[in-house]
Amino acid sequence: MIEITSRENQHIKMARMVRDGRDPGFVHVEGVRLAEEMINSGWAISSIFVDSDAIGHDRIKSLIAKTEFGNADVYQISATLLGLIADTQSPQGIVAIAARPNSGKAEIDQRMSSPREYTPMVLMLEEANNPSNIGAIIRSAEAAGIAGLITTTGSADAFSAKSIRASMGSCFRLPIWERVTIDRILGWAELTGLSVCGLAGNATKSIYDVDWKTPTLLVAGSEAHGITAELREKLNRSVQIPMANSVESLNLAAACAITMFEARRQSIVLRN
């Protein structure tokens, strides 16, 4: 374990760059639970920063042992320095840095070839710009058992500190193919045999009137504008979620979750 006392230390500066999204090769994870989730999901932590006052806690001692076994660098720092590299106002004694995972495309392909194990659906987010929403969607996507998530160019970072926290660790297990052009995604969907279906408030067909047992690329647009006009023209169909007349729209994460779980419900019925 190496002690760091200066805010000008190169490792402190690097951790801040990762937190702020200025080093795209790494991800920033804060808190004991998320660090545990990362390790248990098979991710290798490259460096870990621990508050001196928290080193004696059993869970943190266990984490340090695991990361040292995995050849991670462990740095002991003060609460003040931890506050400089943390992304929250009340950090939980630990910040971990890990290499960003490779593209999840290959794993999505593999999962789509095993439809009886996974809900036959991939979710595509077009220019979704709220990292907390993306994290919540990732959490629901894992729970619904879908094959993976794709984000288009112009979307927020699915592995930003805020998104990772909102995903509650699901981002470490769900395959994520990031910041891909729309044309490439649609070309891949055609080769993979996926029907392209968009969520749109003005669609005439309900999500409950669709056969989700058919392999599908579900498309959801940005929180503010929905699916762009250019992409709407390329959809095979559009669907909407029936709501009370007094409600104009749902939060993006809620709309995606409702639709994914309807697909899961149909998939489970098929398996049984």
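A word on what I am reading. This is a predicted model, where local features need pLDDT of at least 70, side-chain atom pairs count only at pLDDT 80 or more, and totals for chains, interfaces and linings use all residues. Residues are numbered from 1 along each chain as its sequence is written, and side-chain values use heavy atoms, with hydrogens and water left out.

Cysteines. I found zero disulfides (a disulfide is a pair of cysteine sulfur atoms within 2.5 Å). For Cys256, the closest cysteine sulfur is in Cys197, at 12 Å, again too far for a bond. I then checked burial (buried is under 20% relative accessible area, exposed over 50%, partly exposed in between, with a 1.4 Å probe and protein chains only). Cys171 is buried at 2% relative accessibility, and Cys256 is buried at 0%.

Helix H2. Next I went to residues 32-40, which form helix H2 (helices are DSSP runs of H or I, at least four residues, and strands are runs of E, at least two, numbered from the N terminus). Its buried residues are Val32, Leu34, Ala35, Glu37 and Met38. I noted that residues three or four places apart point the same way, because an α-helix has 3.6 residues a turn. Just after H2, Gly42 has a positive phi of about 95°.

Val247. My last stop was the loop between strand S12 (237-240) and helix H10 (252-271), where Val247 sits. Val247 counts as partly exposed because its relative accessibility is 39%.
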